[in-house]
Amino acid sequence: MDNQYTIQTQNLSKSYKGVEVLNIEELNIPKGQSFGLVGNNGAGKTTYFSLLLDLIQPTTGQIINNDIVVSESEDWKPFTSAFIDESFLIGYLTAEEYFYFIADLRKVTKTEVDELLATFEDFFHDEILNKKKYLRDLSKGNQKKVGIVASFIGNPEVIILDEPFANLDPTTQIRLKKIIKELASAKHTTVLISSHDLLHVTDVCERIVVLDKGVIVKDTLTNETTLKELEAYFGREDEENIELPAKDHSEESAQ
Ligand SMILES: Nc1ncnc2c1ncn2[C@@H]1O[C@H](COP(=O)(O)OP(=O)(O)OP(=O)(O)O)[C@@H](O)[C@H]1O
């Protein structure tokens, strides 16, 4: 039988100078799933994606992408794409030059790229194409738009987006949600996103995993109560720490 999982994570850990920042014994992501990773700052989200993209080496264990151990072979690259941060861009290229460059790598024709870009006209909001501007001179949000759209070139089977909603204006966030939902509805595409935005992530992802200090503390299929549960989970420390103001007796004693 074919492997039903796109991503398999086995006994994975990552430590820096003896300090463990990620420890995932098992995490399997089925083909076609839209998967959301949430967690507070430093929880290990980017570390997990960086391991998945072989940008860093695991301390123990492995990640398997479509039966390929990512740290042992490059064969996962043709069907996997990602936008993690601006380091994925090339600052001295214009947006068009960058899109054609990526297309070349993924063996996609210029005509196919132009067709794809035409479908993102609203998303680009007339600020990206035909501007003769280098990527380094675009705003952070517009750089992000370029990186996200570039990750769609070549119809990849696995798409990994780190914090795709951050730095985007509300209109663009709503457009991006629609785009991700469409992608996620394509059965062959597995979409992994990390986000601090609980509302967006529960809206677009079928499954949410919560990391806390590098460990999975929640793994849930999204339903109508998930957002409330996540809000309660992330709000719990504040609730516990709320101290009721001590009753002020000064006026009473002064009387
Ligand atoms: N090169 C490094 N050297 C030492 N520690 C590192 C290194 N890279 C990451 N870390 C640590 O690993 C932990 C996890 O970081 P990571 O960036 O994966 O978290 P995150 O969940 O993506 O956080 P954020 O929401 O702030 O982006 C943090 O404590 C971070 O300081």
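This is a predicted model: local features need pLDDT of at least 70, side-chain atom pairs count only at pLDDT 80 or more; totals for chains, interfaces and linings use all residues.
Local features need pLDDT of at least 70, side-chain atom pairs count only at pLDDT 80 or more, and totals for chains, interfaces and linings use all residues. Residues are numbered from 1 along each chain as its sequence is written.

Helices (H or I, at least four residues) and strands (E, at least two) are DSSP runs, numbered from the N terminus. Helix α5 spans residues 140-150; 9 of its 11 residues are buried, so the helix is largely enclosed by the rest of the structure. A buried residue has 20 or more other C-beta atoms within 10 Å of its own, with C-beta atoms placed from the backbone. Among those buried in α5 are Lys-144, Lys-145 and Val-146. Their cover includes β6 (80-83), α2 (95-105) and α6 (170-185). Ala-150 touches Phe-83, Tyr-98, Phe-99 and Ile-102, not counting residues up to four places away in sequence. Contact requires C-beta atoms, placed from the backbone, within 7 Å.

The largest nonpolar core has 55 residues. Such a core is a set of buried Ala, Val, Leu, Ile, Met, Phe, Trp, Tyr and Cys residues joined through C-beta atoms within 7 Å. Val-146 and Ala-150 are among the residues with the most contacts inside the core.

The residues around the ligand include Tyr-16, Lys-45 and Thr-46 (C-beta atom, placed from the backbone, within 6 Å). Helix α1 (residues 45-52) gives the largest share of this shell, 3 residues.

Strands β2-β1-β4-β5 form, in that order, an open sheet with antiparallel pairing. Pairing requires at least two DSSP bridges. β2 (19-30) and β5 (68-69) stand at the edges, each with a single partner strand, so one side of each lacks a neighbour in the sheet.

Definitions and conventions: A residue is buried if 20 or more other C-beta atoms lie within 10 Å of its own, exposed if 12 or fewer, and partly exposed in between; C-beta atoms are placed from the backbone. Two residues are in contact if their C-beta atoms, placed from the backbone, lie within 7 Å.
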